[in-house]
Each structure stands twice: as structure tokens, then as C-alpha cells.
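These are my notebook entries on a single protein chain. I begin with the overall build and then turn to individual residues.

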Amino acid sequence: MNTQPQRPIINAGDHALGGGTMFALAGPCVLESLDLAIAIADEVKDICSALEIPLVFKASFDKANRTSAGAGRGPGFERGLEWLSEVRERVGVSVVTDVHLPEHCAQAAEVVDILQIPAFLCRQTDLLVAAAETSCAVNVKKGQFLPPWDAKHVVGKVTSAGNPNVLITERGSSFGYGRLVVDMAGFRDLAETGCPVVFDATHSV
């Protein structure tokens, strides 16, 4: 008899993600140009197709939490959504992007398949609820300050607003200043949220 618990699955655009099957959220951190976004989307689509891995193309229209005020943030909300819509249509991929304000959620959800909550905003109730109420899938990046066993409260804010399509992403925890380490044992705590767990290794690497 198989006693393994059933792995959770969420719906995101044309994909059912989870269920113990690997998938990828991949792309540039932030949009730089439409042509570059399309080129990267084409490349990662080919890689994921060869590996038979579902792909959701990831790029942000705005990185609002940069360290410096002079750092590049992206093309902004309106133009960024236009570019993401172009990528989705021309390359034929599902798309995920960050949202930083509750008022951005509904409009962004018309273009993308997953709304992503940045790590620093993972406890912002109004943002989580606004994202949930779009019925779009929601990927919450666990803040580096958040214990993995507290992620259930973050997920609960989304699901209590009537949206079961939630992913939770581990991106590392603060170890002193300027260092992120991954608590591998924390993946079990994250799995207990009942959501598929994403591992963003880029920060800790």
C-alpha cells in the first residue's frame, strides 16, 4: 500500500504545478527590454521543453526594494505589463511577476498567470488579500526574517480570501548581515502549509 501523502497541486494558467513533479519559474530578475525578454523566454522555453519541465517565465516590471535609489528598477507598471503580455503571446509561455501594491494586483492578473509577493512584503495583509481576490495563482516568497513554521500564517491570509492556488518560495534566511543561508530542514515546515514549495537558490548561492 502506498502511504505517501498526496503532493499538492495548484493551477497556474495552462499548467498544473506541483504534485511531486518538478517545474521552473525562470527568467531575468527585472525587465530590461522587450527584445531581451523574448530572447530569454525563448531560450528557457527550449531548455524546459527538452527536460519536459513546465515553465513559468519570470520577470519583474519593477523592483521597488532595491538597496540604492539609483539602482535600475525596470520599465514600470504600464509598459512592463505590455512587455509581459507580448512575451506571453509571442513565445507561448505562462508568466509570473512581482506586485508591490494592492492596487496593482487586478490589472496585473489580467496579463500574468501567477502574482508574486516579494519577500520583504510577505506579511503585508492587504497585498496578500488583493492578490488572492484576483483568483490568479499567488507565489509568496518567504521573507529572510520569517521562520519557516510561520509561513502557514502567510499562506492562510491568501487561502482565507478564497484562493487555494498558492505557492511558497524558500529563498534563504538571514545569517548575520548580508548572508543568506538555506535551512534545508525548513522545507518540511513549508510543505506543511499544504502548498507546492519552490526553491529559489539564486540568493543563497
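What percentage of the 205 residues of the chain count as buried? I found that 45% of the 205 residues do, where buried means under 20% relative accessible area, exposed over 50%, and partly exposed in between (1.4 Å probe, protein chains only).

**Basis.** I note that this is a predicted model, in which local features need pLDDT of at least 70 and side-chain atom pairs count only at pLDDT 80 or more, while totals for chains, interfaces and linings use all residues. Residues are numbered from 1 along each chain as its sequence is written, and side-chain values use heavy atoms, with hydrogens and water left out.

**Overall build.** I looked up the secondary structure and found six helices and eleven strands; helices (H or I, at least four residues) and strands (E, at least two) are DSSP runs, numbered from the N terminus. The C-alpha trace spans about 50 × 40 × 35 Å along its principal axes. For contacts (heavy atoms within 4.5 Å), I considered those between residues at least 6 apart in sequence, and 64% of them join residues at least 24 apart.

**Entry on C136.** I located C136 in the loop between α4 (125-132) and β7 (137-141). Its relative accessibility is 7%, so C136 counts as buried. Leaving aside residues up to four places away in sequence, C136 touches A109, V112, D113, I114, L115, A131 and N163.

**Entry on salt bridges.** I searched the whole structure and found seven salt bridges, each being a side-chain nitrogen of Lys or Arg within 4 Å of a carboxyl oxygen of Asp or Glu.

- D98 and K58 form a salt bridge at 3.9 Å, N to O. This pair links distant parts of the chain, with D98 in strand β5 (residues 94-98) and K58 in strand β4 (residues 55-58), 40 residues apart. I noted both D98 and K58 as buried.
- R88 and D113 form a salt bridge at 2.7 Å, N to O. R88 lies in helix α2 (residues 77-92) and D113 in the loop between α3 (102-109) and β6 (114-117), so the pair ties together parts 25 residues apart in sequence. R88 is partly exposed, at 34% relative accessible area, whereas D113 counts as buried at 6% relative accessibility.
- E170 and K142 form a salt bridge at 3.7 Å, N to O. E170 lies in strand β8 (residues 166-170) and K142 in the loop between β7 and α5 (151-159), so parts 28 residues apart in sequence are tied together. I recorded E170 and K142 as buried.
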